[in-house]
Structures are given as structure tokens and as C-alpha cells.
Amino acid sequence: MAHDHAHSHGHSHAHDHDHAHVAGSSERKLLFAFVLTLVMLVAEAAGGIVSGSLALLADAGHMLVDALALLLAFLGARFAARPADARRTYGYGRIEVLAGFVNALTQFALVGFIVYEALQRLFAPQPILSGVMLVVASLGLVANVVVLRMLHGHDPDDVNIAGASLHVLGDLLGSVAAVLAALAVRWLDWNWADPALSILVSLLILRSAWSLVRRSGHILLEGMPEGVDLADVQRELHTADAGIVDIHHVHVWQVTAGSRMATLHAELAPGAEQADQARALAAIKRMLSERWRVDHATVQFDHGPCPDEQEGCGKGETHAH
């Protein structure tokens with residue numbers, strides 16, 4: 001039996017460099033988003049106090065939660081860039097996923113607060129200076145568009161940026177609702193429009209938050225990455241090289257954004273030489289990288305019966321690690 005790591009030194013350096021570049025880009029985006037959100041938070045709070053608008057004060061509270069979420073996401077990206085050490089051999093990349101998970105959970109608390117406040121205002125409407133509200137809400141809308149556009153286009157696996165984007169999207173929808181409510185109050189005298197639109201926005205945020213909780217939770221549970229079917233992996237790898245007799249005991253998981261890993265057992269034909277094993281290893285590595293974006297794989301070659309049968313290593317078995 002031979003135990004080989006499908007990960008060359010040259011490729012590792014390139015992969016680490018790319019991940020560090022992506023992490024640095026994420027840090028800059030999140031820091032800018034945090035600063036801009038903080039500025040708008042102060043502006044909305046001041047506008048709410050001056051105008052007496054509870055809607056603006058509530059939106060300022062929304063932005064306070066989002067500013068804290070963006071700060072958490074920034075710290076997550078910063079720590080994720082730290083290199084691996086003897087205690088954490090995979091590095092700190094999983095912090096990004098934890099940050100995204102926590103951000104999604106805070107959205108549930110935020111939705112509960114918004115709905116509660118909205119119901120209070122429906123039964124006890126408060127006077128609003130719609131002119132000041134409209135100006136400040138419009139500025140908030142522009143700021144949120146800028147931030148969301150900057151965060152757009154992130155790696156689909158990056159749940160940390162996805163969590164931050166979710167918060168900014170909530171701000172954007174809140175600003176749209178505040179603008180529409182200000183117009184409704186100003187031109188139609190519909191004070192109920194503000195809480196009604198707030199509830200609608202809350203439902204939209206709730207849907208996105210649930211999606212993010214599922215995605216980040218799936219990664220934390222080391223489920224298979226999106227777009228990867230283990231049965232397909234096993235079947236395709238079986239055809240990667242003519243010397244491969246069987247592929248089994250397959251595990252595919254994701255540590256963080258852009259970092260997918262796999263372990264598997266490969267049985268070669270009887271009498272396989274060292275050169276045959278090296279050829280099969282290269283073919284497996286290439287297929288995993290090109291088809292499923294798995295750039296770190298550990299392959300165990302079995303010459304005869306699988307030595308891990310007592311642990312459930314049967315023919316054709318696959319697992320989501």
C-alpha cells in the first residue's frame with residue numbers, strides 16, 4: 001500500500017498566493033464597506049433625532065447591526081489570511097465561514113426587532129418630518145448601492161462576503177422602504193406605509209438569511225461542496241486511468257472559500273508498478289482539479305483488499321466528509 005499526497009509544492013505555493021490575494025481583496029472591500037456604513041449610521045441617527053423620525057432611527061439601528069456585522073466579517077477575513085501552524089494545520093480560513101454563520105443568525109434577531117417595531121407603529125403611528133427623512137434615506141440608498149456593488153462578484157463559496165452582502169442588501173432594502181415611506185407620508189399622508197414596508201423588507205431578509213445559514217452550516221458540518229455529486233466523482237475517477245480497478249472511501253469537503261479537499265482510496269490492477277501508480281495519481285489529481293475545483297487531495301492506493309474494511313471501506317462507498 002502506498003500513501004501519496006496529491007499536492008505538489010509548486011501548486012501549493014500558487015494556491016496559497018491566490019488565496020492570500022483573494023483574502024487581501026476581501027479585507028479591503030469589507031473595511032471600506034464598514035467605514036461607509038458607519039458614516040451613514042451617524043448621518044441617519046442625526047437625521048432621525050433632528051426630524052423626530054422613528055423610521056430613520058430604526059434604520060440607524062439596522063445600520064448599527066450591519067456595521068458590527070461588517071466589522072466581524074473584516075476580522076474574519078483578516079484572521080483567515082493567517083498561515084497554518086502546528087495546532088491548526090488547515091489554517092484559520094474556517095473563521096470566514098463562522099463569521100458568515102454568525103452574520104446570518106444576527107439577521108434573524110434583526111428581523112424580529114424590525115417586525116416588533118413595525119407592529120408598534122401600525123397601532124400607534126408617529127409623526128414624521130418626511131422632507132428630512134427623504135433626504136437622509138436617499139443618501140443611505142446611494143451609499144448602500146455603492147457598497148453592494150463593490151461586494152458583488154465575490155467567490156460563490158465565500159460565505160463571509162456573502163454574509164456581509166446580505167447585511168448590506170438588508171440596508172439597501174431598508175433605505176428603499178424608507179424612501180418610499182417618506183414619499184407616501186409626504187404626498188399621500190400614509191403614515192402606515194412605513195411599518196408596512198418594513199415588514200415586507202423583513203420577509204425578504206429572512207429568506208436570504210435562512211439560505212446563508214444553510215450554506216454556512218453545511219460547510220461547518222463538512223458536507224460536500226455545492227455542485228459536487230459523490231457518485232459522479234467515484235464514477236468519473238474510475239475512468240481517469242486504465243490501471244484503476246476501483247475508487248472507494250471518497251470524502252470531499254470544503255475548508256473555506258476556494259479551498260476544497262478530498263481523500264479517497266484507489267485500487268490498481270494486480271502487478272501495477274510504481275510508474276503505473278504515479279500515472280494514476282497524476283490523472284486523479286488532474287480530474288479532481290479540473291472538474292470539481294479540488295486542489296488538495298490525499299490518495300491511498302490499495303493493492304488488494306482495502307485495509308480499512310473494518311471501518312466501512314467497502315467497494316463503491318462514498319462519503320461526504
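This note sets out numbered points on the fold, helices, nonpolar cores and salt bridges of a predicted model.

1. Basis of the values. The model is predicted, and local features need pLDDT of at least 70, side-chain atom pairs count only at pLDDT 80 or more, and totals for chains, interfaces and linings use all residues. Residues are numbered from 1 along each chain as its sequence is written, and side-chain values use heavy atoms, with hydrogens and water left out.

2. Overall fold. The protein has eight helices and five strands; helices (H or I, at least four residues) and strands (E, at least two) are DSSP runs, numbered from the N terminus. Read from the N terminus, the order of elements is β-α-α-α-α-α-α-α-β-β-α-β-β. Among contacts (heavy atoms within 4.5 Å) between residues at least 6 apart in sequence, 77% join residues at least 24 apart.

3. Burial and surface. Of the 321 residues, 45% count as buried. Here buried means under 20% relative accessible area, exposed over 50%, and partly exposed in between, with a 1.4 Å probe and protein chains only. The accessible surface comes to about 15,700 Å², and carbon and sulfur atoms account for 64% of that surface. Accessible areas come from the Shrake-Rupley method with a 1.4 Å probe; for residues, only the protein chains shown count as cover.

4. Helix α4. This helix covers residues 130-151, and its 22 residues should span 32 Å at 1.5 Å a residue; the end C-alpha atoms are 31 Å apart, which agrees. The expected span of a helix is 1.5 Å times one less than its number of residues. Buried in α4 are S130, M133, V136, A137, G140, A143, N144, V147 and L151. These residues lie on the same side of α4, because they cover an arc of only 155 degrees around the axis; the arc is that of the directions from the helix axis to the C-beta atoms. V135, L139, V142 and R149 are exposed on the other side of α4.

5. Helix α8. The buried residues in α8 are Q277, A280, L281, A283, I284, M287, L288 and W292. Their arc around the axis is only 165 degrees, so they sit on the same side of α8. The other side of α8 has Q274, A275 and E290 exposed. Just after α8, R293 takes a positive phi of about 60 degrees.

6. The largest nonpolar core. A nonpolar core is a set of buried Ala, Val, Leu, Ile, Met, Phe, Trp, Tyr and Cys residues joined through side-chain atoms within 4.5 Å. The largest has 22 residues, of which L237, I247, L264, I284, L288 and W292 touch the most other members. At least two residues of this core come from each of α7, β2, β3 (259-268), α8 and β4 (294-302). The largest share, six residues, is supplied by α8. Leaving aside neighbours within four places in sequence, I284 contacts L237, A240, I244, I247, L264, A266 and V299. Another core, of 13 residues, lies apart from this one and includes A67, L70, A73 and V168. In soluble globular proteins, nonpolar side chains tend to be buried together.

7. R235 pairs with D232, their closest N and O atoms being 2.1 Å apart. Because R235 and D232 are three residues apart in helix α7, about one helical turn separates them. R235 is partly exposed at 46% relative accessibility, and D232 is likewise partly exposed, at 30%. R215 and E226 also form a salt bridge, at 3.6 Å from N to O. R215 belongs to helix α6 (residues 193-220) and E226 to the loop between α6 and α7 (230-238), the two being 11 residues apart. R215 is partly exposed at 25%, whereas E226 is exposed at 52%.

8. R279 and D241 form a salt bridge with closest N and O atoms 2.8 Å apart. R279 lies in helix α8 (residues 274-292) and D241 in the loop between α7 and β2 (244-256), so the pair ties together parts 38 residues apart in sequence. R279 is partly exposed, with 42% relative accessibility, whereas D241 is buried, with a relative accessible area of 10%. Through salt bridges that share partners, D241, D276 and R279 join into one network.

Note on methods:
Salt bridge = Lys/Arg side-chain N within 4 Å of Asp/Glu carboxyl O.
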